Amino acid sequence: MDCITITSDDVYFNHCYTFLKSLEHHSKDIHVFLRCVNMSLVQMKTLESVYNGLEIIDDQIDLSRKKHKLKDDMSWQWVGGLENIKGLSYTYSDHMCYTNNMRFDNICTVLSRSDINRVINMDIDQIFINNFTFDELFIDGLDILTFNESDQGLIDCNKIADSVWIPDVWITEGYETNEPLIDESMLAIRKNDKTMNYFELARGMIHDDFYNWDADFGIINQLYKMSDVKVSTPDLKFIDRWFYHDDSVIWNGAGNNRNTNKKYKAMHDRYIKDRETH
């Protein structure tokens, strides 16, 4: 069986709704494992009504939502001028870290099941735009397929739409590397001994630094350099975080694009308005 794992808290309920509703429109028969962090019973019941193959983990926690910590990466810049910095946050809370880092518990939980063969972990602000199947994504001989930051850094930054964020180092120096940088926003995982060990190690290391927003990216890339997992990247058409083309399979609301990109916002808002009118 194939499975998608996602996590959402009450704040991201609308994004969670859009994710599930768009998946329901563009794919069938995929099991979805959803961890609901501090969602209300009404919210969870609403999500259950959207997607038939949904398994919900009700995760009620008591953690501070005060954004009292500063993210490590302060180099992010905005294409289109400083006026687009509105809404950008360099701070985070323990509650945000918990919601973000529990992705590794989700992955390990699902991989441990005997009936699971392939898993895709995704961020909750992604929207399915066209038909989606696991078979078109998974490549024979590969263990992990992931969005590759280094590939994206080699694109022509001048062709990116306004109000899309990119690191300033990509503009001034490029981001060239022969090694893939594993981005946790999408991890397509083929279940085998290598991947199960890889993510069990990642989960343990994450829990040692659990309330650090930047821990996940550093840890999974550190482990990659030490492991023999085979990693590649999907066609850029498959997961689109810059251009929001109509023929892309998935639009990724990366960074603050979910709040500033007009095409992404219009698609998200359409699903929410449809819910409110029915």
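Hi everyone, let's start with a pair of helices: the axes of helix H1, residues 13-26, and helix H10, residues 262-276, come within 9 Å and cross at roughly 90°. That angle makes H1 roughly perpendicular to H10. Before I go on, please keep in mind that this is a predicted model.

So who touches whom here? On the H1 side we have Phe13, Asn14, His15, Tyr17, Thr18, Lys21, Ser22, His25 and His26, and they meet Tyr264, His268, Tyr271, Ile272 and Arg275 in H10. If we sort this contact by class, we get five nonpolar, seven polar and two charged residues.

Aspartate 125 sits in the loop between strand S7, 118-122, and strand S8, 126-128. Is aspartate 125 buried or exposed? Its relative accessibility is 8%, and the cut-off for buried is under 20%, so aspartate 125 counts as buried. And what is around this residue? Setting aside neighbours within four places in sequence, aspartate 125 is in contact with His15, Trp251, Asn252, Gly253, Arg258 and Tyr264.

On to the second pair. As a reminder, two packed helices are described by the angle between their axes and the distance between the axes. For helix H7, residues 193-208, and helix H8, residues 215-226, the angle is about 140° and the axes are 10 Å apart. That makes H7 oblique to H8. The crossing of H7 past H8 is right-handed. H7 brings Tyr198, Leu201, Ala202, Met205 and Ile206 to the contact, while H8 brings Ala215, Asp216, Ile219, Ile220, Gln222, Leu223 and Tyr224. By class, this contact of H7 with H8 has 10 nonpolar residues, one polar and one charged.

Let's zoom out to finish. How many helices and strands does the chain have? There are 10 helices and 14 strands. The chain has 278 residues, and 52% of them count as buried. Looking at contacts between residues at least 6 apart in sequence, 74% join residues at least 24 apart.

Notes. Residues are numbered from 1 along each chain as its sequence is written. This is a predicted model: local features need pLDDT of at least 70, side-chain atom pairs count only at pLDDT 80 or more; totals for chains, interfaces and linings use all residues. Side-chain values use heavy atoms; hydrogens and water are left out. Axes are lines fitted to C-alpha atoms, for helices over the stretch in contact, and angles run from 0 to 180 degrees between N-to-C directions. Helices (H or I, at least four residues) and strands (E, at least two) are DSSP runs, numbered from the N terminus. Angles under 35 degrees count as roughly parallel, over 145 as roughly antiparallel, 65 to 115 as roughly perpendicular and the rest as oblique. A crossing is left-handed if the near helix is turned anticlockwise from the far one by less than a right angle, and right-handed if clockwise. Contact means heavy atoms within 4.5 Å. Ala, Val, Leu, Ile, Met, Phe, Trp, Tyr, Cys and Pro count as nonpolar, Asp, Glu, Lys and Arg as charged, and the others, Gly among them, as polar. Buried means under 20% relative accessible area, exposed over 50%, partly exposed in between (1.4 Å probe, protein chains only).
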